[in-house]
Amino acid sequence: MTESIKHENLKQRQDKRFINKETQTAAKYLRRMKELSGAPEGMEPFYDTLERIYVDMEYIEKKPGQKTIGTYCVMTPPELIYASGAVPVKLCSGNYTAFSVGENIAPRDACPLVKAVAGFKQTGLMPIYEDCSIMVIPITCDCKKKIAGMLSDSCDIMTMHIPASRNDDDIDEYIRQLYDLMERLENVTGNRITYESLSNGFRKVGYAQYELSEFIRLKKQLPYLIRGSHAMAILNSSSYMPADVWGRALHRVNAALKKRIAEKKTVTSKKLPRILLTGSPIVFPNIKIPLLIEEMGGIVAGDETCMGERGLWDPAVITNDSFDGMIRALANRALRPCPCPTFADNSQRIYRLKQLIKENQIQGVIYHVLRGCLVYDHEYKRIEEELGKLGIPVIRLESDYNEEDIEQLRIRIEAFIELIKLKQAPEKAVAVRRSF
Amino acid sequence: MKYLKKIVIASVIFIAVGAIAYFAYLFPFYEPETSDFSTSIEKLLSADYLTALIPLFIIIGLTAAGIVLVIVLRKALAKADKKQSRFADARTGRHRGNVPKQKPVWFMILRWTIMIVFAFIAIWGGLIFGMGISALSVPVLSCPWNTEEMTSSSCYYLSHLNELFELPWQSILIFFASTIGFILLLGRAICGFLCPVGLMQDIMDKNRQKTKTEGIKLNEKMYGAVTPARWALVLVFIGLCFAGGNFCNFCPAVAVSPVLAGMSTSLYISGFLMVLILMAGFFKRRAFCMVCPLGTIMGFFHKISLFRIKKDTQSCTECGACYEACPMGIKMIYTEREKVNVTSANCIMCGECIRCCPEDKALSMTCAGIKLYTSSRKKIMSGYEPDKTGRYAK
């Protein structure tokens, strides 16, 4: 008896410590982000969402009785989830506290993202995880496969097989899986997915993508219009907001950016080195790398990470107005344009990077590798070679959710930025532009 | 060895199709009381026109019946299947709501207008505007048995090569000059912009999209399997005249064009082929164009004709939307990463790939280097544009 009470007490103390640490880290990074100069108007809804999820530890915003569906990776079509009347929430986590709990569960070489997910599920304290009626897990790497098995002990899961190539047969197979997913979703939510509800799902996500296209178009026009960390916060929070709400909030940011263009205002009057961030996902609160880049005097002018621009960029193009045509569009969008390194031949990622470099006038690339994320690490070599041909400097930053390596990262990033500054022509004395 | 199988299949199809074509005219399925090949504007306006149209009504009725039958059968099959039964209703039923659609693009409006205008010219043009330019041959499948065509179609002499060389040399010259001129100038844009058979299939496809019926999606293998049939048809098209028959005997256009022009003719096998083509065109956009012999011949010239599909390989994200949209199943258009010119011999210049391309300036259609139509993110997302209050369109 006393033993169990003791145990209970210990658990309570552990939980309390976990919550304290978790909310503190999240609040700290949120504060650092807010302290960063040059945020456009209309950022509040995004900050509020991140705060709500990670600091206040609440459920995501939804109608009463609405089910939440947990998803991982960009391959789960949110359109289907909206069509079933539920809200999707992306569960890929960047949390340090959960990561340290997860280290005791997952093997040493597992990636921090998976450890953090395992940690959250182990403590059972994170509302967005506990609230999920079902988790949809595309098997994009070995870690995801094993975490799926681990999660199935405590939660309803559905795995989706991601093929190694993107041929016609693979698309057909994925369509079959999407029908299976729909069946599961219908069973979980109790709603039927109809032609009408599916096309409304398309409208919701399409609207978010419409605003995103506008956002990226504006961002491209002038590289210093918004800081990459702020953009990252906007894109990260899309995981925890219904698409239409997110789109509306982004609409306001777009309006603010348009005003900046009209008034010729930029986040800085100086010529900052423009950095492209690519590689493993950067998930709040593990945003130390974009923050470091911008605190060290660079600007993240483009990102090619799956929790960033890439995740929402490609629209599902309906070429066939039938119900099946819509599902086809989803399957096609999920696999073909996706530059995820899970695919055997992923040369399209290099083209995508080259495109981003050209469009955003990138001067250097930072390749982020989460320790244990083998698929991304594999592609580094090839990308380094290809970008070397373009004369774009690349560095590989290996890190996890730990904060202990922050000084080391700072030194490396600072050196990289200095290197780019040396390469670019010395700044001419220009009339001082208005800045914030 | 790789091609042996294809050659064998092609020859089998050649023999079978050739036999059908050879004997096709022997079996009239419907005969009017008097076969009357004369026509006039007065006839078009009189009640006689309706009787002349009977073969067309038969074709339309059979097509509609066939399509309904296929849909009903498919639904029954889906219902019987344990796995598919759940979504059988969602996939085949009548639906409320509409998919979000991008706003109409001028290119498509222009294409449709040209197609419809040309179909008018090819069927009734001679009656209305006279036969002033009837010596010009345009390479389209529009039946020259309809003697009131304003321009003639090259398909007649291409499938009657033995007759061609019996003509006076001036006619031969005009025939070759106009045919080759059109092919060089327009290439297979003729298929996408002018061909009346193409128009009929496009109308069927529009109907399918309107009724939200599920189509039949071909994959790479199936597109590959069509190739032997295409070559067999080219052989029949060019070669059968030397064996005493000819392609016109069973050409699907022969069942429609003269009838529409007001000529009272019988309905032969060609009419039933037309039914098949319309049905296939309903479920698979431009199904006949995949095997069209005239189109294949025009395809030989794709490297020198003026119309091109160009690609900015840097902007492409390989999303495959163009491939999904392409009625001819050209995969190279999204996998190509080196060449700028992605015009293929099969491309009919319908512009669908450009309409569905979500990347700015990734695909464009050019004529002699002038950009006619370019893909744009803004256009493709125009269906999702919010209303004035900033709310997404329901």
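1. In chain B, K310(B) is placed opposite S364(B), a residue of β4(B). Strands here are DSSP runs of E with at least two residues, and helices are runs of H or I with at least four, numbered from the N terminus.

2. The model is predicted: local features require pLDDT of at least 70 and side-chain atom pairs pLDDT 80 or more, while totals for chains, interfaces and linings use all residues. Residues are numbered from 1 along each chain as its sequence is written, and chains are lettered from A and ligands numbered from 1 in the order in which they are written.

3. β4 (363-367) of chain B pairs with β3(B) in the antiparallel sense over five bridges; pairing requires at least two DSSP bridges between two strands. The open, antiparallel sheet comprises three strands in the order β3-β4-β5 (chain B).

4. The automatic or database domain assignment divides chain B into domain 1 (1-94 + 101-304) and domain 2 (307-382). Taken over C-alpha atoms, the centres of these two domains of chain B are separated by 26 Å.

5. Domain 1 of chain B contributes 24 residues to the contact and domain 2 of chain B contributes 19, where contact means that C-beta atoms, placed from the backbone, lie within 7 Å. On the domain 1 side, α6 (106-129), α10 (189-193), α12 (220-239) and α15 (293-299) of chain B each supply at least two residues. The largest share of that side, four residues, belongs to α10(B).

Notes. Contact = placed C-beta atoms within 7 Å.
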